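This report covers one protein chain, from single residues up to the whole fold. Please keep the sequence and the model open while reading.

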Amino acid sequence: MITLTKTARLRGELTVPGDKSISHRSVMFGSIAKGVTEITGFLQGADCLSTIGCFSAMGVEIRNSGEQVTVQGRGLRGLRQPGHVLDCGNSGTTTRLISGILSGQNFPVTLTGDASIRKRPMKRIMEPLQMMGAEITSIQGNGCAPLRIQGRPLQGIHYQSPVASAQVKSAVLLAGLYAEGETKVTEPALSRNHTELMLRYFGAEVDSQETTASIRPAEELYGQKIHVPGDISSAAYFIAAGLLVPDAELLIRNVGINPTRDGILKVCQMMGANITLLNEDHSSAEPVADILVRSSGLKGCVIEGPLIPTLIDELPVIACLACFAQGETIIRDAAELKIKESNRIQVMAENLTAMGADVTETEDGMVIRGGRPLHGASIHCHMDHRIAMSFAIAALAAEGETVIQDSECVNISYPGFYEELGRVVEN
């Protein structure tokens, strides 16, 4: 539990932790590559450490000094059967992506996770993997973990995904590394493309055309040096803080601005935010920039359609921003929020209402009528790290005290978040 109060001023520079999505993938792909993969900027959060634990259990030598993670790859077909159930913790990325890799191995394995993971839907990856010939079953018969996977020979497919989900796309493409023939995934809108970019970097034959990604089976991947940029999902909280606090100027350095992830910047622009990108670097597959944020008057907007997959993790903090904007903000096409670590539509609506916001929950999003002053409240974040961090930011602009229950859950993606926030707050 942590108690936060309104602040009058934010100043400073900061660097947010490494991108969570890229950190996961760098360890996974390094583990099934030939040779050494050296990773700097790796996110030392609980979710990414779950990925390290799973691959270590399958015989991969991984050294984590905190400053650098070194993966001694075992090659595409070198993983060993673990001696125990693989525990994915709270990580949906670990659970879904590793399922694609395990589907093409020659041994059985069981995956599980914490109480949240055991409620999150896995049919969305089970069905396409089964279409490829994988033997993957939900042990409880409810379409959730624990999952039992028996590696089998796989056949390439062209999967028409009903959802724009990088985790679904990635699970199928990773299975495609082991499949006979070409594997394709077509999405209704383009989801984040870190898997395609990094697999290509490791030597896989990957092609991307509009919303379709394809992969050919690989003989081998090859270890690489990877520098993980700052996570824009983590930067989003400080972007929001810089906009909401009256006398604020924050410089957030070395943030990944991949165009499949930068929806938060587009929404802030739509809302009239004073944000400037500095030192943009597009020389590598993952572009980066420094983000300069100054306090701004905001206006409501409509957030929908293809923009949603580019900011799905940022929608909770965007909802907080919308409460302080003039006019109405409508978030739609975001039903995916219901199946995250919590039902984020319901949890955001309940907690924002408790703070005095005018919020209506909808089937696929919410309607927020901004401009009403917020007051402190007791926030129940349901052990959801993004809920906790979003309300930490809302608290900076609300009257009175805001108490965030289960505040330690931020360690899933941002260890040291509250300390960093305290460093830039000037009361």
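## T195 and its contacts

Apart from neighbours within four places in sequence, T195 is in contact (heavy atoms within 4.5 Å) with R25, F29, S170 and L173. With S170 there is also a polar contact, side chain to side chain, at 2.6 Å. A polar contact is a pair of N or O atoms within 3.5 Å; within protein, one must be able to donate a hydrogen and the other to accept it, and residues adjacent in sequence count only if both atoms are side-chain atoms.

T195 lies in helix 6, residues 194-201. Helices (H or I, at least four residues) and strands (E, at least two) are DSSP runs, numbered from the N terminus. The relative accessibility of T195 is 1%, so T195 counts as buried. Buried means under 20% relative accessible area, exposed over 50%, and partly exposed in between, with a 1.4 Å probe and protein chains only.

## Basis of the model

The model is predicted: local features need pLDDT of at least 70, side-chain atom pairs count only at pLDDT 80 or more, and totals for chains, interfaces and linings use all residues. Residues are numbered from 1 along each chain as its sequence is written, and side-chain values use heavy atoms, with hydrogens and water left out.

## Y201

Helix 6 also holds Y201. Y201 is partly exposed, at 44% relative accessibility. Not counting residues up to four places away in sequence, Y201 touches Q224, K225 and I226. The side chain of Y201 reaches the backbone oxygen of K225 at 2.9 Å. Y222 is 21 residues from Y201 along the chain, and their C-alpha atoms are separated by 8.7 Å.

T40 is in strand 3, residues 34-40, and is partly exposed at 27% relative accessibility. With residues up to four places away in sequence left out, T40 touches E67, Q68, I226, H227 and V228. P17 is 23 residues from T40 in sequence; C-alpha to C-alpha, the two are 11 Å apart in space.

K20 belongs to helix 1, residues 20-31. K20 has a relative accessible area of 11% and is therefore buried. Beyond its neighbours within four places in sequence, K20 is in contact with L43, D47, C48, D231, R386, I412 and S413.

## Helix 9

Which residues of helix 9 are buried? They are L315, P316, V317, I318, A319, C320, L321, A322 and C323. Helix 9 spans residues 315-324, and because nine of its ten residues are buried, it is largely enclosed by the rest of the structure.

## The protein as a whole

The protein has twelve helices and 25 strands. Its radius of gyration is 21 Å, close to the 22 Å that the globule rule gives for 427 residues, so the protein is as compact as a globular protein of that length. The radius is taken over C-alpha atoms, and the rule is 2.2 Å times the number of residues to the power 0.38. Along the principal axes, the C-alpha atoms fill a box of roughly 60 × 40 × 40 Å.

Of the 427 residues, 61% count as buried. Among contacts between residues at least 6 apart in sequence, 75% join residues at least 24 apart. The protein exposes about 15500 Å², and carbon and sulfur atoms supply 48% of that area. Accessible areas come from the Shrake-Rupley method with a 1.4 Å probe; for residues, only the protein chains shown count as cover.
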